[in-house]
Amino acid sequence: MAIKICADVFDPYVEIQDYQNENPGNSGAVGASSIFIGTMRDFNEGDAVKGMTLEYYPGMTEKQLAKIIAEAQQQWPVIDTLVVHRVGDILPGHAIVLVAVWTSHRGDAFDACRFIIDALKSKAPFWKKELLTSEDERWVVANTDGYNRG
Amino acid sequence: MLMSIKVRYFASLKESVGRSEDNLVFTGLSTVIDVWNRANPGRSLPANILAAVNMNYVELDNKVDDGDEVAFFPPVTGG
């Protein structure tokens with residue numbers, strides 16, 4: 001299991017590849033890998049967004065992520081988990097978050113991956129501040145339920 | 001008893017209180033809301049603000065102890 005907070009741009013596909021290479025012992029038992037990658041949009045709530053700053057609470061963020069992963073491990077037979085999250089200044093198209101879950105069977109992989117990203121969205125102390133193309137700045141007030149209801 | 005409490009603020013709350021932390025040394029601090037009120041006299045805690053003690057989420061009536069780190073912040077928006 002690994003949790004990484006990145007202050008610089010990261011490539012989620014490279015992170016997955018590197019993690020798998022560093023943990024070759026997992027490969028025999030793994031039958032399913034579920035990957036969620038969240039990237040920054042260039043729009044939000046009807047406005048064009050040109051950048052974002054992500055603040056976090058060093059120490060508490062890692063602690064809450066570890067707790068979320070432990071809860072997932074209690075509910076599903078998870079073989080391994082990798083969570084990577086950006087902080088600092090972010091541009092549209094850049095990865096914000098990666099959740100990778102390895103299990104023996106696909107149902108467990110899908111469910112545990114979804115549980116982790118949904119719990120991260122509501123419990124891990126990160127905060128987004130958007131910079132609009134109009135040059136206005138605003139804090140994101142709340143995360144949505146994750147569906148396009150537009 | 002004299003207690004030393006570190007108070008931290010994040011995100012929009014940090015901007016509205018105008019600082020990122022306080023170091024309180026006081027007597028008579030017993031709960032999280034006491035800490036807020038002592039650190040921010042005359043300013044009530046905004047309704048949606050979350051609190052943590054030593055990096056665990058707590059309710060506002062949670063007890064605090066000497067040496068605790070108490071944090072206040074708005075709903076989280078990561079991911």
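**Figure 1. Chain A of the predicted model, overall fold.** Of the 150 residues of chain A, 31% are counted as buried. The model shown here and in the following views is a predicted one. Chain A contains three helices and nine strands, and from the N terminus on these elements are arranged as β-α-β-β-β-α-β-β-β-α-β-β. The C-alpha trace of chain A spans about 50 × 30 × 30 Å along its principal axes. Among the contacts in chain A between residues at least 6 apart in sequence, 75% join residues at least 24 apart.

**Figure 2. Helix 3 of chain A and its covering elements.** Helix 3 of chain A is made up of 18 residues. From its first C-alpha to its last, helix 3 of chain A reaches 25 Å, close to the 26 Å expected at 1.5 Å a residue. Its buried residues are A:D108, A:A109, A:A112, A:C113, A:I116, A:I117, A:L120 and A:K121. The cover over these buried residues of helix 3 includes strand 2 (32-39), helix 2, strand 5 (78-86) and strand 7 of chain A.

Figure 3. A:I117 counts as buried because it has 21 C-beta neighbours inside 10 Å, the cut-off for a buried residue being 20 or more. When residues up to four places away in sequence are not counted, A:I117 touches A:F36, A:V99 and B:G79. A distance of 8.7 Å separates the C-alpha atoms of A:I117 and A:V97, which are 20 residues apart along the chain.

Figure 4. A:E15 is located in helix 1 (residues 12-22) of chain A. With 19 other C-beta atoms within 10 Å, A:E15 is partly exposed. Its contacts, leaving aside neighbours within four places in sequence, are A:F10, A:L82, A:V84 and A:L98.

**Figure 5. The side of chain A that touches chain B.** Chain A contributes 24 residues to the contact and chain B contributes 13 residues. On the side of chain A that touches chain B, two or more residues come from each of strand 4 (47-56), helix 2 (60-75), strand 7 (95-103), helix 3 (106-123) and strand 8 (126-132) of chain A. Helix 3 of chain A gives the most to this side, with five residues. By class, the side of chain A that touches chain B comprises 14 nonpolar, five polar and five charged residues.

**Figure 6. The largest nonpolar core.** This core has 53 residues. The residues with the most contacts inside the core are A:V99, A:V101, A:I116, B:V35, B:V70 and B:A71. Strand 7 of chain A gives the most to this core, with eight residues. In soluble globular proteins, nonpolar side chains tend to be buried together. Around A:V101, leaving aside neighbours within four places in sequence, the residues in contact are A:S34, A:V78, A:T81, A:A109, A:A112, A:C113 and A:I116.

**Figure 7. Chain B, overall fold.** Two helices and five strands are present in chain B; read along the sequence, they give the pattern β-α-β-α-β-β-β. The radius of gyration of chain B is 12 Å, close to the 12 Å from the globule rule for 79 residues, so chain B is as compact as a globular protein of that length. Along its principal axes, the C-alpha trace of chain B spans about 40 × 25 × 20 Å. Of the 79 residues of chain B, 32% count as buried. Contacts that join residues at least 24 apart make up 54% of those in chain B between residues at least 6 apart in sequence.

**Figure 8. Helix 2 of chain B and the strands it packs against.** In helix 2 (residues 32-39) of chain B, the residues B:V32, B:V35, B:W36 and B:A39 are buried. Seen down the axis of helix 2 of chain B, these buried residues fall within an arc of 100 degrees, so they line one face of the helix. They pack against strand 1 (3-9), strand 2 (21-26), strand 3 (50-53), strand 4 (56-58) and strand 5 (69-73) of chain B.

Terms used
Residues numbered from 1 in each chain as written. Chains lettered and ligands numbered in written order. Predicted model: local features only at pLDDT ≥ 70, side-chain atom pairs only at ≥ 80, totals over all residues. Contact = placed C-beta atoms within 7 Å. Helix = DSSP H or I, 4+ residues; strand = E, 2+ residues; numbered from the N terminus. Nonpolar A, V, L, I, M, F, W, Y, C, P; charged D, E, K, R; others polar. Buried ≥ 20, exposed ≤ 12 C-beta atoms within 10 Å, placed from the backbone. Expected span 1.5 Å × (residues − 1). Rg over C-alpha atoms; globule rule 2.2 N^0.38 Å. Arc of directions from axis to C-beta. Core = buried A, V, L, I, M, F, W, Y, C linked by C-beta atoms within 7 Å.
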